[in-house]
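Biologist: Could we go through this model together? I would like to begin with the charged pairs and then change topic.

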Amino acid sequence: MPAVRLALAQPMPFGLKQKIILSILGAGALPLILGMVMTYFQGTTELERVIGGNFQALAGETARSIDLVLSGEIARRQRVTSNDSVIKALTARNARYHGLERAEIDRLLAQDALRWRTDTPMSSAPEAGPAQEVLKRFARTAGLSDRPGTHTTLHALFLTDAEGALLVSLSSNSPPAYRQADQDWWQRTYSQGKGRTYLGTVAFDDTFGSYVFTLAIPVMDESRQRVLGILQSVFDANEFFKPAIHPIRFGRTGHVMLIDSRGTVISCPILPTGVRVHDAALVRSVTAEDAGWVKASGDGHGGQATSIIGFAPLPETSVTTKASTGLLWHTFAWQSSQELFAPTRSLLLWIASAGLLAVGLLGSIGYYAAHRIVTPIRHLQEGAARIGRGELTEPLTIRTGDEIEQLADEFNTMNERLKNAFSSLEEKVAAKTAEVRSLKEYNEKILNSLPDSVVILTPDRTVEYINAEATKVFRAQQASILGHSLFDLLQVDRPTRHQLEWEFDHARLAAATRLEQGQEPRPLQSRDPLAPASDSRAEDLRQDIRIGTRAFGHRFFRVPSGNGVTRIGLALREVTSERLLQDQLVQAEKLAGMGTLTAGIAHEINNPLFVIMGLAQTLEEESNPRVTKEFAKDIVKYARHMASLIKNFARYTAPGSADEAQSVDVNQKLGDALKMARLAHLSNDLTVHSDYAPVPSILARPEEIQQVFLNIIINAIQAMDGQGTLRLSTEQKDGWVRIRIADTGPGIPQAFLGKIFDPFFTTKEPGKGTGLGLNIAYQLVAKYGGTIEVESEEGTGTTFLIHWPAETST
């Protein structure tokens with residue numbers, strides 16, 4: 001039996017005794033530690049939840065109290081705006097604007113502004129009347145002082161008319177500008193004459209030297225339908241909110257602050273009003289539309305320690321601020337993390353001390369148990385090593401009366417089974433190896449017996465496998481081909497090479513895209529790769545390639561492998577004889593129509609010939625050189641027309657050349673085919689509409705492309721009996737040239753649509769059709785990688801759609 005080397009020269013540095021001790025420690029200490037850790041985290045979580053809930057409630061209560069304060073201020077000012085004296089004063093002021101043009105109003109307001117600037121800080125318009133006294137009494141109760149530099153809650157109280165001009169100005173500092181209509185707060189409060197309450201954001205005011213916010217209330221007429229003026233109050237933000245915010249303190253650091261949804265501090269016992277909280281994530285967390293609490297990695301006061309913050313929006317005020325400035329106002333309660341988590345740290349210290357004591361006790365118990373177990377295990381280990389070396393001839397004898405003794409018996413049984421197993425293992429391996437080799441040879445014989453060439457390529461275009469038929473095509477030994485690039489071996493012209501490279505890359509990228517998206521490659525059908533499927537699309541058909549003097553049909557296909565790398569296969573089938581037969585069939589179809597074409601050409605030539613003869617007879621008697629010269633020009637013109645007809649006819653009837661495919665102008669060939677068809681079917685009742693778009697060339701033989709067009713156009717004219725409308729159009733789309741040929745004939749019955757491209761199928765009377773025209777067109781279109789489709793409706797007409805791949809740039 002082969003020996004398996006298991007060395008036992010030195011004891012393991014981390015032996016069984018240590019593992020048993022660790023196991024006992026793990027079994028005893030781990031649950032204990034886990035329980036203590038879970039208790040700690042559960043307690044901490046519960047504590048955080050309670051603290052967060054309390055902070056949320058505190059923030060919500062503070063938000064509601066601030067709401068009440070602001071609602072009271074708004075209500076007091078609304079009572080002022082409803083005062084009859086105020087309404088009458090504004091009505092009288094606004095009456096002077098009635099009947100004035102905009103320019104006249106502006107001049108009037110400019111004159112008033114000049115006079116206003118010479119007045120005192122506590123000023124009003126002459127027509128203010130009792131309204132001024134009403135506002136003064138209100139200002140005294142609101143705490144407005146007329147002494148500059150005095151710290152007051154209310155800095156200014158302004159009353160403006162419907163044009164934004166000041167009517168009454170009460171300020172603790174210099175008066176404002178006379179016109180306020182261009183101010184954002186005034187425009188939003190005026191709201192196009194509808195009026196709405198405005199509560200502005202906190203901003204620094206140089207006039208008062210402090211951060212202020214604006215509260216503006218519209219003064220409505222008695223019908224509450226039109227704004228007469230606006231009452232504006234300018235508050236010192238810090239002084240206004242200090243009574244509601246600053247007294248709320250808990251612990252050494254706990255407090256409540258008021259911010260807007262941009263993170264601007266409105267009021268805080270620690271941070272000055274107007275500073276911005278720069279932690280954007282924290283601001284988003286504490287400015288949600290609903291009240292709540294968060295555990296954040298910042299405190300909003302410049303620290304990065306974990307904090308618990310309760311927050312709540314001002315439910316009533318935020319509605320007004322959002323409509324006014326798009327911002328919401330929020331309160332949030334905060335306490336420093338060091339003070340907040342002090343009880344939690346004490347709990348953790350106590351739990352850690354108890355855990356260390358328990359671990360020490362379990363370690364002592366584990367040491368004693370390990371010493372009692374390790375000795376028989378070591379005897380068992382030595383026996384296992386001898387089994388591995390094939391040296392154990394006597395069975396192991398261990399008498400402990402427990403599972404270790406049972407394990408020794410299992411070792412003895414295993415030793416016997418290993419002896420039997422190793423004796424037959426080598427024979428099985430040899431048999432499997434021979435089976436795999438035979439299967440490989442069998443597959444190679446199948447591929448080498450195929451009459452078609454098969455080449456397997458790696459993604460970098462290198463030849464990985466080639467069958468026997470392919471070596472004949474490439475005229476080289478298999479060993480000299482493997483490992484080389486396919487496109488270096490193919491002896492084809494440059495356009496064909498570029499086309500093949502494009503097809504290879506298209507197949508490779510399609511397979512790679514599916515693998516990157518985690519999709520399985522599409523299963524390959526068990527069919528001839530060169531035979532078109534019944535539902536084949538334009539991209540599945542490939543035009544012929546020529547290697548030397550031989551023509552081959554080809555197709556690239558995917559070959560999935562077990563290692564996740566998809567190979568690309570190329571199948572080649574020689575079609576040289578088929579193409580020669582097809583060329584002969586095309587020429588025969590041309591000759592079959594020569595009689596009709598000859599008659600048409602004779603008719604076309606006869607007319608200019610008579611004209612030439614008449615001009616020539618006139619020349620014999622004409623003595624005027626100028627007239628003679630004009631007649632000679634006409635003779636040359638008609639002669640060139642006859643030569644053009646004969647040249648086109650000769651080019652059409654000539655056999656297809658053996659030259660390689662070349663660039664073909666589709667629009668030109670479609671026009672030539674139309675001219676030939678009209679020669680064969682002369683009719684004045686046929687209307688032709690041509691719409692040729694600029695399209696790229698295609699790679700083909702010119703006479704074969706003209707043959708495709710001619711066969712389809714002749715069919716269309718014959719279907720209409722020379723009477724109707726024929727529409728020809730071309731366009732380019734997604735790298736394909738599209739040709740559309742439509743007639744207004746009787747259409748094709750649905751039962752015949754699937755047969756019209758079959759050879760010798762025709763619905764014409766005997767002697768009027770061979771049934772080969774559309775079949776030849778179909779074969780020629782497919783020969784150059786294109787598709788042909790037909791759409792027909794009985795009684796309406798038939799449309800042929802031809803698609804050819806555009807010639808790729810070299």
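Modeller: The turns below cover salt bridges, a surface patch and a sheet.

Modeller: This is a predicted model, in which local features need pLDDT of at least 70, side-chain atom pairs count only at pLDDT 80 or more, and totals for chains, interfaces and linings use all residues. Residues are numbered from 1 along each chain as its sequence is written, and side-chain values use heavy atoms, with hydrogens and water left out.

Biologist: How many salt bridges does the structure hold?

Modeller: The structure holds 20 salt bridges, each being a side-chain nitrogen of Lys or Arg within 4 Å of a carboxyl oxygen of Asp or Glu.

Biologist: What is the N to O distance for Arg 77 and Glu 73?

Modeller: The side chains of Arg 77 and Glu 73 are 2.5 Å apart, N to O. The two residues lie 4 residues apart in helix H1, so about one helical turn separates them. Helices here are DSSP runs (H or I, at least four residues) and strands are DSSP runs (E, at least two), numbered from the N terminus.

Biologist: Which residue does Glu 163 form a salt bridge with?

Modeller: Glu 163 pairs with Arg 102, the closest N and O atoms being 2.9 Å apart. This pair links distant parts of the chain, 61 residues apart: Glu 163 is in the loop between strands E2 (154-161) and E3 (166-171), and Arg 102 is in helix H3 (residues 102-116). Glu 163 is buried at 18%, whereas Arg 102 is partly exposed at 43%. Both belong to a network of salt bridges that also links Asp 106 and Arg 179.

Biologist: Changing topic, which residues make the nonpolar surface patch?

Modeller: Ile 33, Val 37 and Phe 41 make a patch of about 250 Å². Patch residues have over 30% relative accessible area and no salt bridge; like charges are joined within 9 Å, and nonpolar side chains (Val, Leu, Ile, Met, Phe, Trp, Tyr) within 5 Å. Areas come from the Shrake-Rupley method with a 1.4 Å probe. Ile 33, in helix H1 (residues 16-81), is partly exposed at 36%.

Biologist: And what is the strand order of the open sheet?

Modeller: Its 5 strands have the order E15-E14-E18-E17-E16, with antiparallel pairing. Strands pair if DSSP finds at least two bridges between them. The edge strands are E15 (463-466) and E16 (545-547), each pairing on one side only.

Note on methods. Buried < 20%, exposed > 50% of the residue type's maximum accessible area, 1.4 Å probe, protein only.
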